[in-house]
Amino acid sequence: KPDNGKELYLTIFSDKTEEKCQEKDSNQIDSPVNLEMALIKIIRQLIQESKEEYVPISQVASEYQKKYQVSITKSMEKLQLGKKFAQLLKSYDSLEIKKQDNVYYVSLLT
């Protein structure tokens, strides 16, 4: 309660809902299949937004980091999938990888 003085008191309540959702999302990546599904969903979204056929894999990794609050390489290490993101993407039958000017790009196979 503010008193008659010139000082102002403010009470801040924190809402942990968003934090819990992010935590829950990152915990869902508990298998190679879940990781593949998450990456395909991100790639599909990026292709739709960019209206390009291929998107840089660095952009996929950045979106993964934003969404799950953990780097793709950390998730790969946790699931014992190695450390090369491009190699992991190449192993998926539903994706196509191309390299242009030392940049890897990924697209969905239809």
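1. Of the 110 residues in the chain, 26% are buried. The model is a predicted one, and the points below should be read with that in mind.

2. The chain holds 5 helices and 3 strands. Read from the N terminus, the order of the elements is α-α-β-α-α-α-β-β.

3. Helix α2, spanning residues 32-50, packs against helix α3, spanning residues 57-68, at an angle of about 115°, and the axes are 10 Å apart. The two helices are therefore roughly perpendicular to each other, given that this class covers angles from 65 to 115 degrees. The crossing of α2 and α3 is right-handed.

4. On the α2 side, the contact is formed by L35, A38, L39, K41, I42, I43 and L46. These residues meet Q59, V60, E63, Y64, K67 and Y68 of α3. By class, the residues of this contact comprise 9 nonpolar, 1 polar and 3 charged.

5. Which residues form an aromatic pair? A search of the whole structure returns 1 such pair. The pair consists of Y64 and Y68, with a centre to centre distance of 4.8 Å and 40° between the planes, and its geometry is tilted. Y64 and Y68 lie 4 residues apart in helix α3, so about one helical turn separates them.

6. Are Y64 and Y68 buried or exposed? Both are buried. Y64 and Y68 are also among the α3 residues that meet α2, which links the aromatic pair to the helix contact described above.

Methods:
Residues are numbered from 1 along each chain as its sequence is written. This is a predicted model: local features need pLDDT of at least 70, side-chain atom pairs count only at pLDDT 80 or more; totals for chains, interfaces and linings use all residues. Side-chain values use heavy atoms; hydrogens and water are left out. Axes are lines fitted to C-alpha atoms, for helices over the stretch in contact, and angles run from 0 to 180 degrees between N-to-C directions. Angles under 35 degrees count as roughly parallel, over 145 as roughly antiparallel, 65 to 115 as roughly perpendicular and the rest as oblique. A crossing is left-handed if the near helix is turned anticlockwise from the far one by less than a right angle, and right-handed if clockwise. Contact means heavy atoms within 4.5 Å. Ala, Val, Leu, Ile, Met, Phe, Trp, Tyr, Cys and Pro count as nonpolar, Asp, Glu, Lys and Arg as charged, and the others, Gly among them, as polar. Rings of Phe, Tyr and Trp (its six-membered ring) pair if their centres lie within 6.5 Å; planes under 30 degrees apart count as stacked, over 60 as edge-to-face and the rest as tilted. Buried means under 20% relative accessible area, exposed over 50%, partly exposed in between (1.4 Å probe, protein chains only).
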